[in-house]
Amino acid sequence: MRVHNIIALFVLWCSVVASSWSQTDTLTLDDVVITATKTERSLVKVPLPVTLISAKEIQKIASSRLQDILAEQSGLIIVPQINGLGNGVQLQGLNPDYTLILIDGEPIIGRYAGTLELNRITVADIKKIEIVKGPSSSLYGSDALAGVINIITNKFLTNKINVNVKLAERKTSDASIDLSYAKNTFSNQIFFNHFSTEGYDLSKNIYGQTVSPYSNITAKYKLTYEWKRNHEFQFSAKYFKEKQNNEYQVIHSLDSIRVYGNGYITDWSLFPSYQYKFTNKTNIIARTYITNYETKTDLKELESKSDYYNDEFSQRFIRPELQSTCNFSKHQNWTVGVGIVKEFIRTNRYGDQNQRKQQTNYGFLQYEWNPLKNWNLLSGFRYDYNTVYKGQWSPKIAIQYSATKSLSFRASFGTGFKSPDFRQLYLNFNNAAAGYSVFGTENLKSQIEELMSKQLIQELFIPLQNMNVLRPESSTAWNGGITYTIRKHNITTNVFRNDIKDLIETQTVALATNQNFIYSYSNIKRALTQGIEVNYQTTIREKIKFAISYQYLQAKDKDIIDLIKKNQMFGRDPNTLESYKIKQSDYIGLPHRSRHSGFVKVGYTIPKIGVEINVRYIYRGSFGIAGTNGTVNGTLINSSDRNSNSIIDKYDDLVSPYGLVNLSLSKEFKTQWMLQLGADNLLNYTDPTNQPTLIGRTAFIKINYKYIQNK
Amino acid sequence: MKKSFFVLFVSLLFIVACDKTTNDPSSTAKSITIKDLPGDPTTGFDQTTGMPIGDSKKFTFFRFSDSTIISNADSATAKWDIGFRSSTIILNSGISGPATAAGFIQNGLYSEIKEISNDSIFKTDVSATNLAIGKNWSTYNAQTLILSPTPGKTLIIKCSDGKYVKMEILSYYKGAPASPNAMVNAARYYTFRYTYQADGSKKFE
């Protein structure tokens, strides 16, 4: 019913739009961003903190996977996944699961324990990357709590060949070809990428490698067809397949078991979209995104050859969406959208092979207004209605004021949310060896009732009527900043504060008669992150480019702050063994948050030989590691805790600050060829116990050939 | 002042050294530290089931008034106040024993607890999952397999003789190492400090 109403409203909207299509306007050829407003807008006029990474910047550091380029951006920090396998990106102090990652505006699915493996994504066909900081659920719904990273792929309207081959240490190779064939307004694009690496080993005395060898392919096809100048049809398809050759040891109780076997990831997507432009600024877009992600892992014990672990997981995501932008007058823009998300999951982790599904219906409205020449107002909201957690409102308001041509101020307020994931809702996990079970909240009540009827529950820690549905995790956030540009100097700052509530944590629910504990999930934690980001960049005599970035961050658990306030937080001196009180100033905060971080980048072009040198120093201040980080391929990850209180405070053993130096040299030949040499992590900084996902020095060579047919 | 003595611990059939130290001689109630009191230690783990082996499944009983380990033969008497086995602590009351011992855990520094407030609720051992103290004094890390006494947890106990005790558990590992390692250090050895107020009052000054 709800869906029909939304569609009816949309049809009504379209007729309004159609009546206002007589106006025309010209677009400026500035840096344009799409992610902040879901419509193309000049970067300098967006009242939100947005970073734009150009294809040129991606190319000059010779990056090949998404992590390479994100690792060198202001305010982004690469952190290991909770389980230690692979990396994710931390934005404004929030964990990787709270940043939405999109390709051409559509989400990449297949997050492992919430984190998206950044090395899955090739950057060889990227036109630009846009990063919007601050919650963006008012346009994107769930997961856009910390911000949005939107990867925008190439769209060529010429005949073009682009070939990249990169060879690096540890038998790492990344090769891609991007071909486009265009005739008039009809263009076809084929992209193919192959990546393979033998992995690496930071702890030679431990059986198996830190990261096992893996290889993957990415194949893409994109078709664009424009007719009568105002119709545009686009279709893109993607296929990805990865194979991992695992061989490592796992710690099981007090034993270590050597295991081996293959892991596979298959991921595909289809994305047709149609746009009709009434004018340059008034349009309607209909699109449907269908994507599928599957993993399969079979591990066997090395000695006995018996099955150790089998895991199968498949996820499908389907989203039809209608969006329309309209300018009723020169200074007012409206954007409206409606859509449906259907998600399906099937996995043996949920105790059976039944399919679990969720549906979200949503609609959003956005209003942009320039009341005066130098004032920009952006406001909007989105409403999501989900089958599990029901309704969720996400408002946003932002304002920008340009005091002079070189000085502008902006401020924004917004909310974000992250819906409970399938694991939290449907997990049905029973580890008899370790003596515990975990039930997702949707299964919990029935499972407990069944166990109770069989007299298998000894004690219930929370009453049955309190075993409620999970609410989404949600946040409210403020961002404010200044941009100042004078001659060749540019300074931008952003101050942020995020208040996050209803964070989902595991909770002990019951004790079974066999003395096993039963766990589930609950909205219990609250946290805050706040800080400031400052960026400065300049060009000296056209030859030297200099950029510096700094972020100060505080990220804390609000419940710990309250306990300290009530004098209820203690530590134990490891030498005297006596307890002492923790003061507010002793509390450092959440794990993996560096109070200080930043970078310095210098680019210099040697005049006569035309070689461009790019050196980047990426700094990360000290941070703590939680004790529950687990094991990586059998190696126990350190815990910073030295005073037995499970929080990170000044008495703990923090990971020391470190810096990574990345170097690349580029030389262009005849505008068609480019040769690059360099090394990532030049100083070979590694820290196997604290940061097993930090890879050592990697020297590389990269060749790029491009041919563009002039028309 | 430091003296050592030996106690024959009948149920475990081995000899254990207890080291008793007294500090703060100026106050009437003295703080005493007991080192490495065995709480039914194991000799290892069964390789297939992972279950502990070599333990007697019996509690070690202790009396605060004279810092003495009480024989298991006296389990049904009021001679003992507190019992230790693995990470479980029982008091001589309810399902655990015939006496009227009781207690609770207070969040607060041992040294700063100068008096037991009159509105404190003393709990007894009601059932195996509802013990006055139980395992609530400790935090277990499933990754490092280390059990550590939670900082700031002070045990307030009313002994079988009606006198009051404040107590802090300092370590669960033999020799009370600064950073215990589950593969190296033997568990189930309690090091703790306590103050026994012999005058029957709730004051520890």
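Okay, some housekeeping. This is a predicted model, where local features need pLDDT of at least 70, side-chain atom pairs count only at pLDDT 80 or more, and totals for chains, interfaces and linings use all residues. Residues are numbered from 1 along each chain as its sequence is written, and chains are lettered from A and ligands numbered from 1 in the order in which they are written. For the complex, the predictor gives an ipTM of 0.80 and a pTM of 0.87.

Now, chain B itself. You'll find zero helices and 15 strands there; helices (H or I, at least four residues) and strands (E, at least two) are DSSP runs, numbered from the N terminus. A contact means two C-beta atoms, placed from the backbone, within 7 Å. Just a caution: where pLDDT is low, the predicted coordinates should not be read in detail.

Let's go to β6(B). An open sheet of four strands runs β7-β6-β8-β9 in chain B, with antiparallel pairing; strands pair if DSSP finds at least two bridges between them. β7 (68–70) and β9 (88–91) of chain B are the edges, each with a single partner strand, so one side of each has no neighbour in the sheet. Three bridges join β6(B) to β7(B), and F62(B) has I69(B) in β7(B) as its bridge partner.

Next, the cores. A nonpolar core is a set of buried Ala, Val, Leu, Ile, Met, Phe, Trp, Tyr and Cys residues joined through C-beta atoms within 7 Å; buried means 20 or more other C-beta atoms within 10 Å of a residue's own, also placed from the backbone. The largest core has 53 residues, and V50(A), I69(A), L70(A), I129(A) and I151(A) have the most contacts inside it. A second, separate core of 45 residues includes I116(B), Y189(B), Y190(B) and F204(B).

Finally, where do the chains meet? The contact takes 21 residues from chain B and 24 residues from chain A. On the chain B side, β14(B) gives the most, with three residues.

Terms used
Buried ≥ 20, exposed ≤ 12 C-beta atoms within 10 Å, placed from the backbone.
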